[in-house]
Amino acid sequence: MKHLLKLLDLTGEDILGLLNLADQLKYELKHGIAHPLLQGKTLGMIFRKSSTRTRVSFETGIYQLGGHGMFLSSNDLQIGRGEPVEDTARVLSRYLDGIMIRTFDQSEVETLAEYGSVPVINGLTDFCHPCQVLADLMTIREHKGILAGLKMCYIGDGNNMANSLIVGGLKTGMKVSVACPASYAPDPRVLDFAAGFGDQLVLTENCLEAAAGADVIFTDVWASMGQEGEAEQRRALFRGYQVNRELLAAAAPECMVQHCLPAHRGEEITAEVFEAHAEEIFDEAENRLHAQKAVMATVMR
């Protein structure tokens with residue numbers, strides 16, 4: 001495994017291997033066991049989108065692995081002034097041991113990996129969010145003990161989170177149901193992939209149908225970064241796609257709730273449900289650190 005560009009590139013065994021390493025690194029951190037696996041190495045972190053969790057977790061993670069993180073705002077790089085991604089990839093590869101990028105277009109991540117000579121990690125694109133979903137799977141396994149055979153449900157926009165949850169869930173043996181408006185369905189590339197899993201994926205516009213018997217329910221904001229101009233339109237369209245008490249009543253007993261944050265209480269999730277499941281949600285947020293350390297330790301060693 002040289003890069004983490006999207007979960008579609010990984011096998012189920014690859015994903016489980018990363019989760020096992022993440023569990024080990026989390027245990028070692030909690031017990032004061034140092035793990036300088038990337039001693040002296042430098043990770044360049046390119047941000048075309050602002051971030052709280054991605055920046056802090058990667059910067060902290062590379063430090064705990066013995067390396068150094070370098071924040072690179074696109075406003076301060078020539079890539080933000082029109083330098084081709086191909087040239088940026090080749091230049092940064094002469095200085096860095098790895099590149100993490102949080103951007104809009106998936107093609108930019110793929111081009112960095114194609115033209116650079118160091119590992120590239122996708123910190124988020126409009127197509128997928130692999131690091132977040134690794135943390136999500138890690139959290140489910142911590143709370144439920146297993147992944148295979150569980151039912152995962154996603155409610156809301158068929159966005160980058162939905163895309164990666166479908167792929168990650170199916171590759172680890174989970175059943176996946178997604179409730180979203182027909183015009184906001186997951187990416188066709190993901191649906192083509194899921195077609196190979198038969199009825200393990202259910203796509204519907206009915207939230208209660210999707211949530212029936214679910215072991216874990218996910219949601220995300222109705223308007224993601226870059227979609228602020230259509231926020232009111234999206235609020236009107238997604239008003240019925242909310243994780244609330246009625247939805248959870250259709251799920252399995254002890255159903256988990258996960259949210260990648262930031263959460264808009266009263267929109268995609270009620271304040272009541274969020275607070276009732278806050279421990280699980282913030283376990284999920286913490287696990288970004290451990291899952292990303294596993295990714296860095298795997299691709300940068």
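Start by selecting R90 and D87: their side chains meet in a salt bridge, 3.0 Å from N to O. The term covers a side-chain nitrogen of Lys or Arg within 4 Å of a carboxyl oxygen of Asp or Glu. Keep in mind that this is a predicted model, where local features need pLDDT of at least 70 and side-chain atom pairs count only at pLDDT 80 or more, while totals for chains, interfaces and linings use all residues. Residues are numbered from 1 along each chain as its sequence is written, and side-chain values use heavy atoms, with hydrogens and water left out.

Both R90 and D87 sit in helix α3, three residues apart, about one turn of the helix. Helices here are DSSP runs of H or I with at least four residues, strands are runs of E with at least two, and numbering goes from the N terminus. Color by accessibility and R90 comes out partly exposed at 41%, as does D87 at 31%. The cut-offs, in relative accessible area: buried is under 20%, exposed is over 50%, and partly exposed is in between (1.4 Å probe, protein chains only).

Next, show α3 (residues 85-93) together with α4 (residues 106-115): they pack at an angle of about 50°, axes 8 Å apart. That makes α3 oblique to α4. Axes are lines fitted to C-alpha atoms, for helices over the stretch in contact, and angles run from 0 to 180 degrees between N-to-C directions. Under 35 degrees is roughly parallel, over 145 roughly antiparallel, 65 to 115 roughly perpendicular, and the rest oblique. To see the contact (heavy atoms within 4.5 Å), pick V85, E86, A89 and R90 on α3, plus E108, T111, L112 and Y115 on α4.

Now jump to E267 and R235, whose side chains form a salt bridge at 2.8 Å, N to O. E267 is in the loop between β9 (256-259) and α11 (271-276) and R235 is in helix α9 (residues 231-238), so the pair ties together parts 32 residues apart in sequence. E267 is buried at 16% relative accessibility, whereas R235 is partly exposed at 25%.

E275 belongs to helix α11 and R265 to the loop between β9 and α11, ten residues apart. R265 is partly exposed, with a relative accessible area of 43%.

Last stop: K6, D9 and E110, which are linked in a network of salt bridges.
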